Amino acid sequence: MSDRANPCRRVSTGLFEIDLVSGRVLRQGQSLPLQDQPFRVLVLLLERPGQLVTREELQARLWPADTYVGFDDGLNTAIRKLRVLFGDSADNPRFIETIPRRGYRFIAPVNELPKAHGWSEHPNGKVDRQVDAVTANPEITPALEEKNGHAGPVERPLLPSSRPHLWRWALSISSAVLLVFLVVKARIDTRPHSSPQMFPAKRAMLAVLPFQNLSNDPAQEYFSDGLTEETITDLGQLSPAQLGVIARTSAMAYKHTDQTVAQIGHALGVDYILEGSVRRENGRARISAQLIRVSDQTHLWAQSYDTRALHDLLDIQNEIGRAIAEQVQANIAPQYQIELSKMRSASPEAYDLYLKGRFYWNQRTPAALRESIQLFKHATAADPGFAQAYAGLADAYNISNIVGLLSAQDSLPQARAAATRAIELDPSLAEAHAALGMEKSHYEFDFPAARVEFLKAIELNPSSAYAHLFYSNCYLMPLGRRAEAIAENKKAIELDPLSLPINNFMGETYLLAGDYSASLKQFRQTIEMDPNFPLPHGYLGGLLEIMGRFPEAIDERDKGDRLFGWSPQKASARAAVLLRAFKSGGEKGYWKERLIQDIDVMKNSGSSISSAPLAGDYALAGEKDKAFEYLEKSYQAREGQELTLLAVDPIWKNLHGDSRFSNLLRRMGLPEPEIDAR
């Protein structure tokens, strides 16, 4: 019986589907011509995917004994035609691997399709495939390979070329992904009677998974991580209101994961996932990426880039855009085409330094931030016109103040200068506006100007979780706009659901808003996410102190101290002293002992004593004069991280109504606290 008549399955591999009954091969719904003998070879290879099929087996099954003379030429021709069909390469195979002198192996994943998987039988016995996915032009879309339970991008061979601006690949990928959503939006806008089930009104969410480093060099992790972050940033800046992009922190949680697309999509609450890989060799790079719909793991778009192609990304993205538009039978809005035409450039050396700087910046430790500052400075020296390097430098100086690496006076003016230069070079750079907004809030106490910068950042990149967080924490909450601050922090969590700092700030936002029950719940939820993350233990301890639950507060602060690196003996001794002070002297005794302890810690830390925390201790201990003395020192030192929250933080409640407090609020441009504020 002929192999084509053998009642069998329908299978898929990459973007191809093969009907083993009718003998048809389809790619994206289009039937591809294939002669009988190559198809028979394909069937035998598909019967044992991943396993060697020897030349002897192929000869015995498909070539009669009396045709031995023509066997070698016939088999070689059949394999060559199959490689042409799949767009495959003998040197870098993605589908059919040659085992020298032995045979062949089908190396791409093969999935058996259910009988009703989109196929319809015609009366004449032909089979049609109904395609509803948005896919790219077959000539520019590579095949896909299965990994970790879902398909992943396959690389093309490196092509020799000079190394151009490597980072621009992200804009091309971002543009193609964005076009998917724009054309869907166009269909919604032009079809008022569309079913709501087909086009849900809610904003679609996308996650960019960490690009895999395929360079066989751990030192190149910064490159793949940096490109992941740049893709997220570019997508966020290009996205319309219908698309939200999950932030880097949550995406990086799935680095080297073995979870499937469905599992990741469910955990992050996203509709689409972009994943890819990076190989960097001999000064050249190859990047592969694909877009997957989570609901059914449909691959909507895929493409590979190498350094030779990167010089002409506009032509590539336009070609991809046209292919997508043809699939959904819609047109791209002209105004978005203009937006997508924006390109940024940087020298290869500067961009490489920038990626390393971001790699260290994301570690958030004093030592790593010190390294990131130097790398960003080197990047700006290598290319003085590279706006993103200046934005990175501004971010590094801002965070250096927060983690205690540099004082406000040593860091925030530097942040302002770097952010201002970045905006001069590229006014559309969202992170530069967000960085400048933080400096204007924390150092200049210019809240109207900070608001302008935060709103500009959000306008330019609606998917920037930290732009929403900074707008909440550095503008809305200081001005007492509690409900709006909560709403913005919730947006930040939606965009970065696994970010421990953002979840922790949500608890702080509830605390400052006076909703202690919600704050307690949020801090405990953050601790459940990672019990070894120290910040929520300290913040929860502060909340419990405000609620008058001092023994519990001492316990949480003890946990936080240990996680911050204190020895168990030192942490236990501190906790025991505080507990005795509370039992003997009540709340006032507790705060007096806390003040002594905090001064001792600061003196022994080897760093300068920050005035704001001590002012808070004095205020809670009821020593108003000392509290105002240290508040004034803090104001002169521009310690804005603590001072901006004067009007809403309950630790200052003992100072409310004092003319000195009102005077300080007025100088800072902050409102008087609410009468019933706790």
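Which residues of helix 10 are buried? They are Ala 350, Tyr 351, Asp 352, Leu 353, Tyr 354, Leu 355, Gly 357, Arg 358 and Trp 361. The model is predicted. Helix 10 covers residues 348–361, 14 residues in total. Its first and last C-alpha atoms lie 20 Å apart, close to the 20 Å expected at 1.5 Å a residue.

Five strands make up an open sheet in the order 4-3-2-1-8, with antiparallel pairing. The edges are strand 4 (30–32) and strand 8 (111–113), and each of these pairs on one side only. Neighbouring strands are turned by 30° against each other on average, direction ignored. Helix 1 (residues 36–47) packs on this sheet. Helix 1 touches strand 1, strand 2 and strand 3, and its direction makes about 100° with that of strand 2. In general, strands of a sheet pair through backbone hydrogen bonds, parallel or antiparallel.

**Strand 2 and its two partners**

Strand 2 spans residues 16–19. Phe 16 and Ile 18 point one way, Glu 17 and Asp 19 the other. All of them are buried.

On one pairing, strand 1 (residues 10–13) runs antiparallel to strand 2, joined by four bridges. Arg 10 has Asp 19 of strand 2 as its bridge partner. Thr 13 stands opposite Phe 16 of strand 2. On the other pairing, strand 3 (residues 24–27) is also antiparallel to strand 2, again over four bridges. Here Glu 17 stands opposite Leu 26 of strand 3.

Both pairings are hairpins, as the table sets out.

| Hairpin | Residues between strands | Turn residue with positive phi |
|---|---|---|
| Strand 1 and strand 2 | two residues | Gly 14, about 60° |
| Strand 2 and strand 3 | four residues | Gly 23, about 85° |

**A buried asparagine**

Where does Asn 489 sit? Asn 489 belongs to helix 17 (residues 482–495). Is Asn 489 buried or exposed? Asn 489 counts as buried because its relative accessible area is 0%, while the cut-off is under 20%. What does Asn 489 touch, leaving out residues up to four places away in sequence? Its contacts are Leu 469, Ser 472, Ile 502, Phe 505, Met 506 and Thr 509.

Methods
Residues are numbered from 1 along each chain as its sequence is written. This is a predicted model: local features need pLDDT of at least 70, side-chain atom pairs count only at pLDDT 80 or more; totals for chains, interfaces and linings use all residues. Side-chain values use heavy atoms; hydrogens and water are left out. The expected span of a helix is 1.5 Å times one less than its number of residues. Buried means under 20% relative accessible area, exposed over 50%, partly exposed in between (1.4 Å probe, protein chains only). Two strands pair if DSSP finds at least two bridges between them. Contact means heavy atoms within 4.5 Å. Axes are lines fitted to C-alpha atoms, for helices over the stretch in contact, and angles run from 0 to 180 degrees between N-to-C directions.
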